[in-house]
Structures are given as C-alpha cells and as structure tokens.
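Colleague: I have the model open on my screen and would like to go through the packing with you. Can you take me through it piece by piece?

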Amino acid sequence: MIDIKKFRENADFFKKKWADRGLEVDVNEILAWDTDWRKSMVAVEDLKSKRKLESKQIGIMKKNGEDAAPAMEAVRLIGDQIKELDAKAAELSNKVNSKLLSLPNPPSEFTPVGFTEDDNPEVRRWGTKPEFDFEPQAHWDLGQQLDILDLPRAAKMSGSGFYLWKGAGARLERALINFFLDQNTENGYKEAWVPFMVNPKAMTGTGQLPKFAEEIYHATEDDLYLVPTAEVPLTNIHADEILDAKDLPIAYTAYTPCFRREAGAAGKDSRGILRVHQFSKVEMVKIVEPSTSYTELEMLLADAEHLLQQLGLHYRVIELCSGDLGFSAARCYDIEVWAPGTDRYLEVSSCSNFEDFQSRRCKIRYKEDMEKKAELVHTINGSGLALPRCIVALMETYQRADGSIEVPDLLVPYMGGLTEITAEG
C-alpha cells in the first residue's frame, strides 16, 4: 500500500517509479478521486454541524410551543444529503484504496533501472562449476534410476506439477529442511511453526492479494488460502501491533509447504521438479527499524548464501532491476544455484527489502519512546532455502559416473549416517 499523504505531495515521483517498473499509471485520476473524496468528507461534516444546530433549534421551538414541522422536514432533508454524500465518499475511497492496493511498491533508490531479466546485473559468484569426466545426468533421470523420485505416481494422485520422493529422496528433503532450520536458528532467527492456511487479511498484508488471486489456492467455503510462502504467516505474526524499538530487529525462520497454482506456467521449467504446485521451503523474515533495513538485507542475503557455501554448491547473486522486481519488493537479490545436469542456474532464494510497503498493509509499527508517535517498521524476507531446486543442484553436483550420489559430509548426520545414495538403497 502506498502512503496516500506522500502520494498527494509527490504524485510525479510515484509515476516515475512505476514507469521504471514498466507501468503507466494515471496518477491524475487517482488524485481527482482523492480530492473529490476529501471534498465530500468536508461537506458531510458541514452538514452534520448544520443538522446538529437545527436539531437544537427544533427542541427550542417545541419547548416554546411553535410549529417545528418545517424545521424537522429540513433536518430530514439534510440527513438524506448526508447519506448521499457518505455513499459517494465511500465509493471514492474504495476507488482510491483499490487502485493503490493494485499498484506495486516503488523501486528503491538503489535498484538498477531496467525492464527485463536481461537487465539484471550480476553481483558476484561463489565457487566454480563442477567438472566431470562423464556426461552429467539431469535430476529426473538420476531420480528415476535410483528410485527416489517418482513423477508418474505423483501425477496419478494429483496431476502434473507435483512430485513424490521415496526412500533416500524423502530423507534428503527432510535432512535439508532440518539443516536449514538449524543454521538459521544459529544465526539468530527464532524458529516458528506457523499455520499453512491464512485469511484474506494476512494475504493482503504481504501483497499476495489482490494482485495474485489467480495464482493462489483458495478454500472458498472457509475463505482461507493455502500459503504460497511462510513469508505470509511470519510477517503477520505482528500485524496490528506496536512494537518496542528495543526488541528490534525481530527475526523468524520457518518451514512450510508452499502452494502455488502457477497458472499458465510451462516451457523450459516443465520437466522434472523445477516448477511445481507444492514444494518445501524454509523462510527467513526480519522486522527492523527503517534506518537499518538495508544493512539487515545484506546480512540476510549473506545468511542465505552461507547455506549454499556449506553445501559446496556453486551459485551466483543477481540484483533484480526495477522492471523485474516482485510486486511488494523495493529492492531484491536472487540467488541462483548451478545445476550441471540441467545445465542452467536455478533460483533458490529471493532476498527482498519491502521497506514499509507490507508494514503499512499489516499495520506493524514501533515506538522508541511510548510518548512518541508510532512509526512503521521495515520488513525483509528471503528463502533459506527453497528445497526442490536445492536438491536438484545437490543431486546433479554430487552425482557419480555410475549414477549414485555422494552425500555431502555435513548432511550425513541428518541422513542417519548415509554417505551415498545408490540404486540398492
């Protein structure tokens, strides 16, 4: 949500920022609705004051035995005018709010201007691409040969876009979830176990609604949404609260399954488990003071990178340009891990600073002093990490010529002592 006061004062700034995202917004139309709304509200208050004075006069007339019928009729007409103006004001307010809810966060001053993923600058790389003395296989072939990934049976139950791990594959997913959670808690994030279904208010608070309504699974009878990411419940933990500045920053981490319809998704990501409707993810969320938010973003990014470094997986960091930003983000880095069998980089984390875009919707504020006015916090989040593509990279990086997969040393305890994944189990 955009601060309407800031929008009134500098609509051209917002127009330019949205243009940097590739959006042409008629700011004059919004300003006109807002001006008419304010005029309507002033007129309503004037009429209410007039009605109050005339109602008082009616009381005096009745006390004096005078005929108050004409005055009463005049008051009734004022009431009709008030109802009419209230309805008009409500309609105008709804227009303004609906429009602002549909518009994305303006890019930050640090965000590079561009319009497609080709304009995203590479920030850095870690490690090197693994080299093989054989032709590396893709995860869908490895998984089938090892009998740990079963896509046909998943499709039999749920349709395309779902996957089924078996045996060591299922254990590997669980191992990575636990490893990520353990590392995040060591880095100061408080672990949370959150609901996997949330109400419309929570989804609107983090920017999923109304923009992505068609991409989300909705249980209509209960009016609850399956979470597309743990970002939603974690951020909403402190919705409608005023926090004490001394308690900031607040950092949470949580595992959830994530549910996304991915309407219309197809093409290069359709094979294997690169784009699916349900997947596991460990999330990191920070609630911080505005003055520290960009430092906190870099720290969160480093935490996500460190997970891949410990797994020995080559990756690169990309900064998203203005036209490629997610709806709610003001600045964002993507971490892309290298998958040698699939022969491409795969996004496993987006680390974003939303500034006060989400906190305004969620009404999350803080005070340095209880005597001072409450201010909006900044919210930050990043995957730490998304599981399917991490497993893809791990399987393809640690594969051997005979089709078996080496288990990285640090995961061996999480795998119950298993040091390799073979067709024999």
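Colleague: How many residues of α12 are buried?

Modeller: Bearing in mind that this is a predicted model, α12 is mostly covered, with 11 of its 11 residues buried. The list takes in Leu-387, Ile-391 and Leu-394, and it also includes Arg-389, Glu-396 and Thr-397.

Colleague: And how do α7 and α12 cross?

Modeller: The axes of α7, residues 168-186, and α12, residues 387-397, come within 10 Å and cross at roughly 110°. Angles of 65 to 115 degrees count as roughly perpendicular, and α7 and α12 are therefore roughly perpendicular to each other. The crossing in which α7 passes α12 is right-handed.

Colleague: Which residues make that contact?

Modeller: On the α7 side they are Leu-172, Glu-173, Leu-176, Ile-177 and Phe-180, and on the α12 side they are Leu-387, Cys-390, Ile-391 and Leu-394. Sorted by class, the contact of α7 with α12 has 8 nonpolar residues, no polar ones and 1 charged residue.

Colleague: What does Leu-176 touch, leaving aside its neighbours within four places in sequence?

Modeller: With those neighbours left out, Leu-176 is in contact with Leu-311, Leu-387, Ile-391, Leu-394 and Leu-411. Leu-176 is also among the residues with the most contacts inside the largest nonpolar core, together with Phe-180, Leu-308, Ile-335 and Ile-421, and that core has 60 residues. There is a second, separate core of 17 residues, which includes Ile-250, Tyr-252, Ile-364 and Tyr-366.

Colleague: Switching to Lys-286, is it buried or exposed?

Modeller: Lys-286 lies in strand β8, residues 278-288, and its relative accessible area is 6%. Buried means under 20%, so Lys-286 counts as buried.

Colleague: What does Lys-286 touch, then?

Modeller: Not counting residues up to four places away in sequence, Lys-286 touches Tyr-189, Ile-250, Ala-251, Glu-296, Met-299, Leu-300, His-378, Thr-379 and Ile-380. For one of these, Ala-251, the C-alpha atom is separated from that of Lys-286 by 4.4 Å, although the two residues are 35 residues apart along the chain.

Colleague: Where is Tyr-163?

Modeller: Tyr-163 sits in the loop between α6, residues 151-158, and α7, and it counts as buried at 16% relative accessibility. Leaving aside neighbours within four places in sequence, the contacts of Tyr-163 include Leu-149, Leu-151, Ala-154, Ile-273 and Phe-279, and also Glu-173 and Pro-388. Glu-173 belongs to α7 and is one of the residues in its contact with α12, while Pro-388 is one of the buried residues of α12.

Colleague: How do α3 and α4 cross?

Modeller: The axes of α3 and α4, the latter spanning residues 69-102, come within 8 Å and cross at roughly 160°. Angles over 145 degrees count as roughly antiparallel, and α3 and α4 are therefore roughly antiparallel to each other. The crossing here is left-handed, and the residues of the contact divide into 19 nonpolar, 5 polar and 11 charged.

Terms used
Residues numbered from 1 in each chain as written. Predicted model: local features only at pLDDT ≥ 70, side-chain atom pairs only at ≥ 80, totals over all residues. Heavy atoms only, no water. Core = buried A, V, L, I, M, F, W, Y, C linked by side-chain atoms within 4.5 Å. Buried < 20%, exposed > 50% of the residue type's maximum accessible area, 1.4 Å probe, protein only. Contact = heavy atoms within 4.5 Å. Axes fitted to C-alpha atoms, helices over the stretch in contact; angles between N-to-C directions. Helix = DSSP H or I, 4+ residues; strand = E, 2+ residues; numbered from the N terminus. Parallel < 35°, antiparallel > 145°, perpendicular 65-115°, else oblique. Left-handed = near helix turned anticlockwise from the far one by under 90°. Nonpolar A, V, L, I, M, F, W, Y, C, P; charged D, E, K, R; others polar.
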